Amino acid sequence: MTGPRGLFVAFEGGDGVGKTTQQALLAERLRARGRDVVVTREPGDSRIGQQVRAIVLDGGELDPRAEALLFAADRADHVAHVIRPALERGAVVLVDRYVDSSVTYQGEGRGLGREQIAAISRFATQGLLPHLTVVLDLDEAARAERVRRQSYVDRIEREPDHLHERVRQAFLELAAAAPDRYLVVDAARTPEEIAADIAVAVDKVIEG
Ligand code: TYD
């Protein structure tokens, strides 16, 4: 990553794998050490994000290309107004989903092509990539069971299991292709065990 001085960590993985819990645990740990930490998510934490979220996740049928472009539009605004300014003042930014969610869900899951979707995201973010991406990996049966227990299931979570299995494989392949920028953790363990692995990886990035 060029430019911004802060630390940028993304949390990725299927639905219901515990990304939000891990994001909160890492934020707590870094704040206890005096770091300025920004906790954010996609879609949703930018100026236009709430509206994009309503269309993409709660709305009715949507053309897959329109869906991909809406996620990208949300990301562009999010990077410009939230992520980049925070990194420029030296903060730690912890984002729940980023470029890889588009590459896996829209590129692989919707069949739009991983490279094409990655290119749209590069345009949206002006090439801003996380220092570290944590992939919380959970097998398909466990993921489906966690989603079934949720009180609200969004438009993408309602997609058939085979889409989610392809998404999972795509996350693992992205991580395998760039092991120095990814940490894959087994999300079936306790939150404390998972958090300990993430802490080690983040400390390594901080220490450079
Ligand atoms: P969200 O309610 O944030 O769920 P989760 O807690 O699982 O992250 O909904 C995000 C949904 O949007 C999730 O099903 C994945 C999907 N998504 C995409 O398909 N592409 C994207 O680029 C992003 C950011 C999310």
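A pocket, on a 1 Å grid over the protein atoms alone, is an open set of points with protein on both sides within 12 Å along at least five of seven lines. A molecule sits in a pocket if more than half of its atoms lie within 2 Å of its grid points.

**View 1. The ligand takes the space of the largest pocket.** This is a predicted model, where local features need pLDDT of at least 70, side-chain atom pairs count only at pLDDT 80 or more, and totals for linings use all residues. Residues are numbered from 1 along each chain, and side-chain values use heavy atoms, without hydrogens and water. The shell around the ligand holds 16 residues, each with a heavy atom within 4 Å of the ligand. Asp 15, Arg 53, Arg 97, Ser 102 and Gln 106 are the closest.

View 2. A ligand oxygen lies 2.6 Å from an N or O atom of the Asp 15 side chain. For the Lys 19 side chain, the distance to a ligand oxygen is 3.4 Å. A ligand nitrogen lies 2.8 Å from the side chain of Gln 106.

**View 3. α4 gives the largest share of the ligand shell, four residues.** α2 (49–58), α3 (64–88) and α4 (99–109) each supply at least two. Helices here are DSSP runs (H or I, at least four residues).

**View 4. The largest cavity holds about 90 Å³ of space.** In a cavity, a 1.4 Å probe fits but cannot get out; lining residues have an atom within 4 Å of a point. Of the 14 lining residues, Gly 14, Leu 138, Arg 143, His 164 and Arg 168 are the closest to the centre. The largest share of the lining, four residues, comes from α7.

Definitions and conventions: A polar contact is a pair of N or O atoms within 3.5 Å; within protein, one must be able to donate a hydrogen and the other to accept it, and residues adjacent in sequence count only if both atoms are side-chain atoms. Grid points are joined across faces, edges and corners, and a volume is the space filled by probe spheres set on the points.
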